[in-house]
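Please look over the model below before reading the points that follow. They are written for someone meeting this structure for the first time.

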Amino acid sequence: MNDYFGYKNKICVVTGAASGIGKATTELLLELGAKVYAMDITKMAMTGVEKYIVVDLSDKESIDKAMEEVPTHIDSFFGVAGLSGAKTNYYKTFTVNYIANKYITEKYLKERMSYGGTISYVTSTGGLYWEKYAHEYEAFTNAKTWEDMITALHKQAKEDTLGMMAYPLSKRALNYYMSQLAIELGPKKIRVNALLPGSTDTGMKEEFEVEAGGHDALIAETGTANRLATPREMAYPLVFLNSDMASFITGLPLIVDAGTNAMVNLKMKKDRMNMPVGLKIFNLPFIQKQLAKQLEPLNKPKDKQEEKQESEKIESPIETPKKEETKENTPKEKEEDKPELL
Ligand SMILES: NC(=O)c1ccc[n+]([C@@H]2O[C@H](COP(=O)([O-])OP(=O)(O)OC[C@H]3O[C@@H](n4cnc5c(N)ncnc54)[C@H](O)[C@@H]3O)[C@@H](O)[C@H]2O)c1
């Protein structure tokens with residue numbers, strides 16, 4: 001059978017590989033014969049990958065260390081890791097969602113990718129209208145280094161500003177960067193795209209439910225499907241974007257939302273995205289207090305027993321399994337693939 005996707009033996013790097021869309025992407029790439037370097041902040045043993053690398057994408061040194069573990073030549077990069085901001089502050093959320101992706105690209109991918117390389121970031125439908133509100137994140141567009149981006153971040157908001165305010169801005173900024181980069185790297189025949197998922201049943205579901213105002217409110221944002229997407233339903237188009245099957249596609253923000261955006265365009269649905277992030281308004285103490293209250297259930301302190309169990313897990317050694325040439329070496333979910341939260 002023809003290898004239309006062309007992933008056989010390709011060096012692929014996937015961030016956010018421990019859960020949700022990143023995990024489903026890793027599994028699919030393994031099924032297609034890729035050599036996967038999986039990264040996440042969560043410690044876990046993952047069967048079938050070349051290397052599982054623990055990294056904190058909010059920390060430059062940790063990223064530098066992680067990139068040393070990856071071969072000097074990279075064929076495809078999947079920037080999937082992200083934070084909703086419901087449990088993390090503004091700085092952390094923006095850094096993981098935007099700064100880390102841009103830093104990895106500028107410092108490592110530009111150097112390590114050759115003709116035919118592909119890059120895809122997972123942004124969000126929450127990052128729509130990126131072209132209209134580009135002035136809100138202009139400082140990040142102009143900043144190239146990690147340090148310049150962090151300076152811009154500190155100028156823009158206070159650290160304890162609610163992380164959920166960083167979410168749409170980081171995703172819009174990443175959609176903009178993706179478009180710029182696609183044009184810049186076009187002459188080198190490197191393609192760059194983004195996947196904009198609608199609501200998906202992943203580790204973030206509970207956080208998005210609370211932000212949306214409950215399960216039903218989230219389901220109302222699922223277009224014609226009337227259900228959340230599965231992680232695999234996002235992995236399919238993501239893996240397609242970076243594959244040989246998408247050879248003429250670059251600079252595309254691919255919306256995968258079961259028609260929600262089409263309904264908005266046809267005026268069948270209220271447009272909730274066409275507005276500025278409006279940091280000035282959301283920074284008002286009154287609004288911040290209201291939003292923090294809404295997110296309270298997610299951030300309530302853990303009881304002593306839970307804390308003890310978590311600290312025991314952190315002390316356990318990191319397992320980095322070797323790829324084995326056995327029948328067991330399939331990307332299906334296994335008992336040892338269960339994540340161990342940091
Ligand atoms: N689930 C949705 O409804 C939805 C909708 C739109 C966009 N997205 C985007 O999809 C992407 C994947 O998220 P998901 O839905 O699979 O959620 P998820 O929570 O299941 O997966 C996110 C992964 O990112 C990892 N991560 C978080 N912080 C990290 C850090 N500092 N360093 C390294 N890894 C870190 C987590 O450990 C986790 O494995 C994100 O970028 C998210 O914004 C999700």
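1. A residue is called buried here if 20 or more other C-beta atoms lie within 10 Å of its own, exposed if 12 or fewer do, and partly exposed in between, with the C-beta atoms placed from the backbone. This is a predicted model, in which local features need pLDDT of at least 70 and side-chain atom pairs count only at pLDDT 80 or more, while totals for chains, interfaces and linings use all residues. Residues are numbered from 1 along each chain as its sequence is written.

2. Asn226 is exposed, because 9 other C-beta atoms lie within 10 Å. Asn226 is not a glycine, and yet its phi is positive, at about 60°. It sits in the loop between helix H8 (215–219) and helix H9 (231–241), where helices (H or I, at least four residues) and strands (E, at least two) are DSSP runs numbered from the N terminus.

3. Lys267 also has a positive phi of about 60° without being a glycine. Its place is the loop that runs between helix H10 (260–265) and helix H11 (279–282), and Lys267 counts as exposed because it has 8 other C-beta atoms within 10 Å.

4. Asp160 belongs to the loop between helix H5 (146–156) and helix H6 (163–185), and with 11 other C-beta atoms within 10 Å it is exposed. From C-alpha to C-alpha, Asp160 and Asn89 are 5.4 Å apart in space, although 71 residues separate them in sequence.

5. The protein as a whole has 14 helices and seven strands, and buried residues make up 43% of its 342 residues. Of the contacts with a separation of 6 or more, 77% join residues 24 or more positions apart, a contact being two residues whose C-beta atoms, placed from the backbone, lie within 7 Å.

6. Around the ligand there are 27 residues, of which Ser19, Gly20, Gly82, Thr202 and Gly203 come nearest; a residue is near a molecule if its C-beta atom, placed from the backbone, lies within 6 Å of it. Helix H1 (residues 20–31) gives the most to this shell, with three residues.
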